[in-house]
Structures are given as C-alpha cells and as structure tokens.
Amino acid sequence: MAEHAILIVEDDSTVRELLKYRLNKKYDVATAANGEEALEQIERKTPHLIISDIMMPKMDGFALQSKLQDDKNTRVIPFIFLTARADEPTRRQGARTGVDDYITKPFDMEQLLTRIERLLERMQVFQTQLDAEIGRDFSNRLLPKSLPEVDGYEIFFHSEAREQGGGDLFDWTKADDGSYFITIGDVMGKGIRAKFYAFSFLSYVRATLHTLLQESTSPAGILARINEMLLTDEVLEETFASFLLFNWDPSTHTVTYANAGHCRPVIITPDGASVAEHSDLILGLEGNASFKDETIHLDPGTALMAYTDGLLEHPVNGHDVLGEAGILDIAAQTLDADKPIDALLNEALSRGNDDSFHDDVLVYWMQRNT
Amino acid sequence: MSFTVESLSPQTVVIRMGEALDFRNADEFKSTFQSEIDDGSVNFILDFSDTAVLDSTGLGSIFSLYRQISPDDGQVAFADVSRPVQVVVQLTRTYKVFRQFPTVDAAHDALA
C-alpha cells in the first residue's frame, strides 16, 4: 500500500531508476532530473519526503533545498541528500542549511531504506499527536459547560472522546417559556473530520434553534429545518447526522421528542426499561423527509436516557455487540444507583472483554425524583 | 480491492460489499462507486450477504452514493442483508430510502 509519496531528484538516470525501482515497492515514487523539475513536481503534488543529489545541471541540490526552505509549506518536508564522496567538502557546507540526513554514494540500499522509514515514521508520530490534540480540543468544545438545574430532577451527563471516535454532539438551551431543549446527535464519520463537522453543525443548530423558537417549539419542525439545511448548504454537503431533540417542560413533566435515526432513547421506571419507539430518517439524506413529535410523561421515579452508538456498538462476548436489548437490560438495573451513568458504563464494560470503550461514548440521563 | 463490481446492464451494477464497510475502507468504496457513476451507472445493488460490520462512516459513504444518483432517478438497493447490517438500517430508518431484497436477482428484477 503506497501511503507515502517520495520524490527522487537525481540527474544520473541509472541511479534514479534504481532508486525508483527499489522504493516503488513501498512508496508512491515520483522522479525529477534536476532541481527545476523537482520544483514542478512538488507544485503538482507535495511529497512526504525528498531524496536529492547535490551536483545536478540547471538547479543543484543546494539551490533546490534553499528554495524549499523559503516556503513554509515545503520547508518541513524531510530532505535526504545523496552525495558523492567527491562532494564531501560541499556536503559539510550544506550542513548549515538544516538537512535531515546525508547518504554517501555509493550507498547501501538497506541503510537508505531504513533511514527513509525512520524519517517518515517520525513525521507520522507528530501528525498523530497533532491530530489527537486537535481532536481533543474539538471534543472539549463540544462538551456542555454546565447542565440544567431544576428542582425535583437530577441530571447526569458523560462524554468520553476517543482518538478514533466520531462526531458526537450534545447541547442544551433554556427557552423563554421555561422549557429546555436538549440536543444529542452523531455526525457520521470518524476522526477529526467528523469532529470538525459536528462542531460546525452544532453552531448552526444553536443558531437555528434560537431563531425557530420564536415561532414554534416543535422538535420535529426544527429537525425538518435542519435536514433542509444539510441538503442545501454547500459547506455541510455530504454531512449526515443522526439527531435527537427533546423539548422538556418541567412544569408539566413532559418530554416531547423527535428522532432522526438516532439511537432510541430509553425510559426507565421501577417496573423496567423500554425504548421510546418512534424514530424517523437520519438527517441529510432525503429532501422531503418528514418528522414527527412524540410526547412522554415522566412520573416521579422515572428516568429518561439518551446515548450515542459507541455504547450500542460496544463489543460483548467477543463477537456480539451490546445492542439495544443489552442497554435496556443494564439500564433497568441502574435506576437506583447514586451515579446511574457510571453504573451503566461499568456494567457495559464488564460484559465485554475490554476495560475501555473504543468509540466515543456519550450518555445523558435525566431523572424525576419528586 | 476489497469490493468486486459486476455490471448487470449499462445502468445497473452489483457491488459485493465483503466483510466490512467501515472507516477503514469507506474511501475505497467511494472511489469504487465513483468510477461506476462516471461510466454511466445509476442503479446500485449492494450485496451484503457476507457483511459483518457496517459502521456510521460506512453508512455515510452509501449516503454519498445515494445523494449523487438520486437526482438522475437512480436507486440504491440492498440485497441479502446480513443481520448486523439490518440492525444499522433499522436504527437509522434508512430502509425508507434503500429498498431491500432477499437476493441480488430479486433486486435486479425490481430495478429493471
């Protein structure tokens, strides 16, 4: 699998072809016969690493290297000089310019391959660390700074982001009539891209909610509006999201929800746990999709739980996943726990072989006590 | 390539989805169907008989396919859907968009 692109710059066609032949097995190789040609190649496609001769017609290796140093996009590309013994004095001169490695011709191919691998590996590690850092940053921004506080209710929330996780999102806002809007969703995709879209998407949803709440408090109406946006907005094109929107009114103890293909929320009473059945199509797929509101009444001692698919898809017993049935089973047992989400997650983990979740896991739990 | 493509007619192809469609190979699936779209295919029958894993990135790539071919009255049909795929399809309510058939032949008859 050719994941890394390497550019070979060498005027001697025999050496050039030999290098190309050996490196082609592992890398995506491009070649150039001098510095000028190399710059044209780099313009077309930025390589992950450059191996360059020093003495070449038109533009030599030093000139190429210093040209690349001028541009912030190319100065970070790992650069290996291939030098003839006769070039040793000039090589020492080149040591000032910050080159990553030197290989002296005639060179040992294995040694060159090892060095290439080490340089690319180092780049990869930095990239992974950076991705993880940005990913964590987005995840943190997607977290609520606080939770609603309402007499007679207890609210719990848990979100744990994984590097390979996706675009889980959560938000809440209080409307003028004293009711709350609670948003839980998952933007499809993995890694930073999904997190970035989740972040952009959440900003849009916030703005849309504030505008729409002037006219209506129907979660279904709001989902229909967000669906239209996903299908027409160019930035968010190709973004698909499962989405759950609650309108919770503590004065009437009701929760009106609309569900666009998201994991179905669970209602837990002392008699057991059940799913809030109704759900419609995921967002971003079809223009004329319709959404429906459903209302749940929360009696004292009843909890409502919503979650993302990282919990649902958690592997248990090796080959199976926890699934809705597993979640219902666990949720029914955790109603009386002091920290219901912790109890729920611990039980979910104890049913699998791993001591942590692989995917992002987000859980929202609200409970009416009195 | 982990996806094999079989052309049933100038406009209809079957793609065998293999064991998994997830974040690891979703891009590969995208380039597979993209070249079929470029060749004029609008109807896609996805054979899920061997598929044990379909994650949200994988499903998203199928959505991308649907978004591209639906303006040309194209269809995406699911054939021989395995249980793990069925769970995802139910959860996301996507059976409303992707018709399901017991076999590739049945899907082909319906799309013809």
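This is a predicted model: local features need pLDDT of at least 70, side-chain atom pairs count only at pLDDT 80 or more; totals for chains, interfaces and linings use all residues.
Chain A is divided into domain 1 (4–133) and domain 2 (145–368), with bounds that come from an automatic or database domain assignment. Taken over C-alpha atoms, the centres of these two domains of chain A are separated by 50 Å.

Residues are numbered from 1 along each chain as its sequence is written, chains are lettered from A and ligands numbered from 1 in the order in which they are written, and side-chain values use heavy atoms, with hydrogens and water left out.

**Where the chains meet**

The contact (heavy atoms within 4.5 Å) takes 19 residues from chain B and 24 residues from chain A. Together the two chains bury about 1900 Å², 56% of it on carbon and sulfur atoms; buried area is the accessible area (1.4 Å probe) that two parts lose on being put together, summed over both. B:Arg67, B:Leu91 and B:Arg93 supply 36% of the area that chain B buries against chain A, more than any other three residues.

Between chain B and chain A there are 4 residue pairs in polar contact (both at pLDDT 80 or more). A polar contact is a pair of N or O atoms within 3.5 Å; within protein, one must be able to donate a hydrogen and the other to accept it, and residues adjacent in sequence count only if both atoms are side-chain atoms. On the side of chain B that touches chain A, the elements giving two or more residues are helix H1 (26–38) and helix H2 (56–69) of chain B. H2(B) gives the most, with 8 residues. Helices are DSSP runs (H or I, at least four residues), numbered from the N terminus.

**Salt bridges**

The structure holds 13 salt bridges over all chains, each a side-chain nitrogen of Lys or Arg within 4 Å of a carboxyl oxygen of Asp or Glu. Here are two of them:

| Salt bridge | N to O distance |
|---|---|
| A:Glu110 and A:Arg22 | 3.0 Å |
| B:Lys96 and A:Asp280 | 3.5 Å |

A:Glu110 lies in helix H5 (residues 109–141) of chain A and A:Arg22 in helix H1 (residues 13–23) of chain A, so this pair ties together parts that are 88 residues apart in sequence.
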